[in-house]
Amino acid sequence: MDPKRPWECADMSQVRSEIDRIDAALVDLIAERYGYVDRAWQLKMTTQEGAVVQWRIQQVIDRVKARAADKNMPPEMIDMVGAQWRNMIGWFVQFEEEKLRQAQEAAKAKSGDNGSA
């Protein structure tokens with residue numbers, strides 16, 4: 001069934017159905033994004049770049065807010081979108097930090113270096 005535009009919805013059931021469709025698509029996209037973040041920490045193991053790359057975090061937030069503005073969202077909603085992205089990125093950064101920490105510990109254990117003097 002093709003998606004309806006908001007003005008094509010004749011009743012609340014149709015509106016709710018479209019919102020549910022959009023929510024499912026958002027979850028699918030966040031899951032897809034997670035896959036790239038999961039790959040990012042693996043690639044970062046061979047670089048000096050840690051989980052927190054402040055310029056990149058700001059770049060992503062700026063781009064998302066610009067996209068929201070291009071979609072003619074009200075200013076309060078643009079700020080909300082930026083805050084939601086900052087929250088999501090914060091979770092992903094914590095995920096990367098933990099994965100990198102675990103990988104470093106595993107490498108130390110494998111090499112026999114337990115950190116004792």
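How many residues of the lining of the largest pocket are nonpolar, how many polar and how many charged?

Reply: The model is predicted, with local features needing pLDDT of at least 70 and side-chain atom pairs pLDDT 80 or more, while totals for chains, interfaces and linings use all residues. Residues are numbered from 1 along each chain, and side-chain values use heavy atoms, without hydrogens or water.

The lining holds 22 nonpolar, one polar and ten charged residues (Ala, Val, Leu, Ile, Met, Phe, Trp, Tyr, Cys and Pro are nonpolar, Asp, Glu, Lys and Arg charged, the others polar). Of the 33 residues lining the largest pocket, Arg33, Val60, Val64, Trp85 and Met88 lie nearest its centre (a pocket is an open set of points on a 1 Å grid where a 1.4 Å probe fits, with protein on both sides within 12 Å along at least five of seven lines; lining residues have an atom within 4 Å of a point). Helix 1, helix 2 and helix 3 each give two or more residues to this lining, and helix 1 supplies the largest share, eleven (helices are DSSP runs, H or I, of at least four residues).

These helices also pack together. Helix 1 (residues 12-44) and helix 3 lie at about 40 degrees, their axes 9 Å apart (axes are fitted to C-alpha atoms over the stretch in contact, and angles run from 0 to 180 degrees between N-to-C directions). Their contact (heavy atoms within 4.5 Å) includes Arg33 of helix 1 and Trp85 and Met88 of helix 3. By class, it has 13 nonpolar, no polar and five charged residues.
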